[in-house]
Amino acid sequence: MEAKRILLVMKNKPGVLNKISGLFQKRGINIENITAGEGYPEETVRMTITGFWDDYTLNQVIVQAEKLFDVEFIKSFSKESVLRELVLVKVQVDSKSRQELLQILDIYRGSVVDVGLESLIIEITGDIGKIDGFLKLVKNFNILEIARTGVSAMTRGLGV
Amino acid sequence: MKEITGAKIVLETLKYLGVKDIFGYPGGAVIPIYDALYDFEGLQHYMARHEQGAVHSADGYARTKKVPGVCLATSGPGATNLVTGIMTAHMDSIPLLVITGQVSTSFLGKDSFQESDIIGITSPITKNNYLVRDIFQLPDILKEAYILSKHGRPGPVLVDIPKNIQEQKIDYDKFKNLLEKDIKKINKFKSLYEENEILEFQKLFNSSKKPVLVVGGGVLNGDCVKEVREFVERTKIPVVSTLMGLGIFNKDDEKYFGMIGMHGLVEANRAVDECDLLICVGMRFDDRIVGDKSKFSPNSKKIHIEIDRAEINKNILVDLPIVGDAKDILKQTLELDLKDDFETWSESFKREDVTDEKDLNQISTLNMLNEILDERYIVVTDVGQHQMFTAQHLDIKKPFQFCTSGGAGTMGYGLPAAIGAKVANPDKKVIAILGDGGFQMNQQELILLAQYNLPVKVLIFNNGALGMVKQWQELFNNKRYSSVILDINPDFVKLANAHYVEGEKIENIHNLKRLKDILEDDNPYLVDIQMSYEHNVYPIIPAGKSFEHTIGGE
């Protein structure tokens, strides 16, 4: 099943994330990832929620969430939307692997955000295909930690 | 400078909203509100003996008075005792304003004495809930909560108020300004239907040969009884009801074939099964109605008139959803040119008259009640066999005359809900029909009948069993009656007496005539009607099965 994504704009109040996650929990619907942060205007919180749902489930999520009093706007993203994810990877390196890793990072237009004697933290941003491709390559190194933010999305063009 | 406390703000705002009665139970975290109530004029408080009693009373009040019910409880266990009642109201779309006390804000999140996260606990069973952190927001929140509870599809809304907010004082004039300020318009449950959907309705209707109308609780909530009745009169189509829609039509209505669903009448279910067009108004295709999804009304096109978009295609896929206010939509359909030649189709259903019962049982008792009850009565039931018997056999004459826990099926609901119904309708005669099991779940509320001089008549259909569970065990679990036989029950009459309520036992069918005098009398009274546990509710369609699996009787 393909990943589906929804945009949810809620009032920026304590507990709203709980209300949304409860809505999924009650129906036994899994959330693959969720990104949330201050929206625009700033009294809102903007979330992108991703899951592997069929069309019925996607529709249920939308119409049920729409009913929540704190939800101001909800829609599903089309496939053409702009999708971005940020990943931080901490890798144990020696002088040889450090060079190799930096070369790969250059190709993927990532950056180094922390340099240690035996480790690097690298950052990469991109769509799902790019992130997955990059992670596939760095798995050949000695990975200590990976932190993925989950996908944030936005519709192309003038519309929301 | 004149000041006002948060506690007093709560009461003044309720009064401003038109609230007359509240049901509650005091506790540490609502002492300031109770202190303010002590000499407050314009609000009558009814003290339940358990918070669950208070919330069910508020629910019975709301269901029979068509205004939001209000209840009040303390934090922690007080608040959690409300949960069953909140869920009951949520399942049946009943407007409630639930106010809970909370520990002071500085104690929040520290597992303080009597602290519970009632916001988290009730999120899935409320339309919205609020934790008040700023006293200046208190009037707005209460106003918004009250209006939201009855807006669109009604439901319960909870406001949790920390004790220090109740104690805090603000300038009275500032409060007055806040009180009279309009709140932001609530913009949920919009009408989304378009003109072409009304035209599509006409097309489907006029091309159908065997249409059936289903009315649900939404018809009562949407205040469109007149319109559905006019629709049936005009088009002469058969009409059936869900449990929540009982009272919209009655036995005198020629085209009405009764309740549908698991314990629906055979003819009513057959109409749904055989029809070619099913028009559903204000109902939600509950599994107790639908059974086997793939075989529910298999040959019909389905039209769903509903205010809540989220109900469309949730349980059953429909051909034509019309989302909006049912009253508006029905008014528009009444302007259409619609067929009315369904006589042959309607006549293919013959309502079965209930045969005369020779024994004292649920049906003979309800037959007797049919002889007595008129429009002055409100009937409240608990949950179980007696509830389904009542739904099947009692001739409910008017909308809002019947009050029962449908979607949640909450045992213990009946007695406190009847108390709420009586408080809401002092001019009506209120009867609570209860099973012996459900009565014992909230029997402590009996004392309110004496305390507030509420002439509610409590009829216990005493069959010495948790009848509905027993019936399922009998039919589907090889008669393995696990923990359902109540071979020791309290002496209910003595129990009533201990609560300063008179009562008596009825042990044979001849004494049923006593009910006439008892019900006419103007005092609270309990009648313990002895019945055999052997009677089951028929027809029954086993859970998840279709009409063809109807079990008609023994």
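In the predicted model, B:I135 touches B:T5, B:G6, B:I9, B:I165, B:Q168 and B:I170, residues up to four places away in sequence being left out of the count; contact here denotes heavy atoms within 4.5 Å. B:I135 lies in the loop between strand 6 and helix 7 of chain B, where helices (H or I, at least four residues) and strands (E, at least two) are DSSP runs numbered from the N terminus. With a relative accessible area of 1%, B:I135 is buried; buried means under 20% relative accessible area, exposed over 50%, and partly exposed in between (1.4 Å probe, protein chains only).

Side-chain values use heavy atoms, without hydrogens and water; residues are numbered from 1 along each chain as its sequence is written, and chains are lettered from A in the order in which they are written.

The size of an interface is often given as the accessible area lost when the parts come together. Chain B and chain A bury about 1,500 Å² between them, 47% of it on carbon and sulfur atoms; buried area is the accessible area (1.4 Å probe) that two parts lose on being put together, summed over both. Of the area that chain B buries against chain A, 35% is supplied by B:K188, B:R309 and B:A310, more than by any other three residues. The contact draws 21 residues from chain B and 15 residues from chain A.

Eight residue pairs across the interface of chain B and chain A are in polar contact, both residues being at pLDDT 80 or more. A polar contact is a pair of N or O atoms within 3.5 Å; within protein, one must be able to donate a hydrogen and the other to accept it, and residues adjacent in sequence count only if both atoms are side-chain atoms. Strand 6 (128–131) and helix 7 (138–150) of chain B each supply at least two residues of the side of chain B that touches chain A. Strand 6 gives the most to that side, with three residues.

Two salt bridges are found across the interface of chain B and chain A, a salt bridge being a side-chain nitrogen of Lys or Arg within 4 Å of a carboxyl oxygen of Asp or Glu. The side chains of B:D308 and A:K67 meet in a salt bridge at 2.7 Å, N to O. Both residues belong to a network of salt bridges that links A:K67, B:R153, B:D308, B:E311 and B:K314.

Over all chains, the whole structure holds 36 salt bridges. Among them, A:K79 pairs with A:E2, the closest N and O atoms being 3.7 Å apart. This pair links distant parts of the chain, 77 residues apart: A:K79 is in the loop between strand 4 (71–76) and strand 5 (82–92) of chain A, and A:E2 is in the segment before strand 1 (4–11). A:K79 is exposed, at 65% relative accessible area, and A:E2 is partly exposed, at 47%.

In chain B, B:K397 and B:D395 form a salt bridge at 3.7 Å, N to O. B:K397 is partly exposed, with a relative accessible area of 22%, whereas B:D395 is buried, at 14%.

Note on methods: This is a predicted model: local features need pLDDT of at least 70, side-chain atom pairs count only at pLDDT 80 or more; totals for chains, interfaces and linings use all residues.
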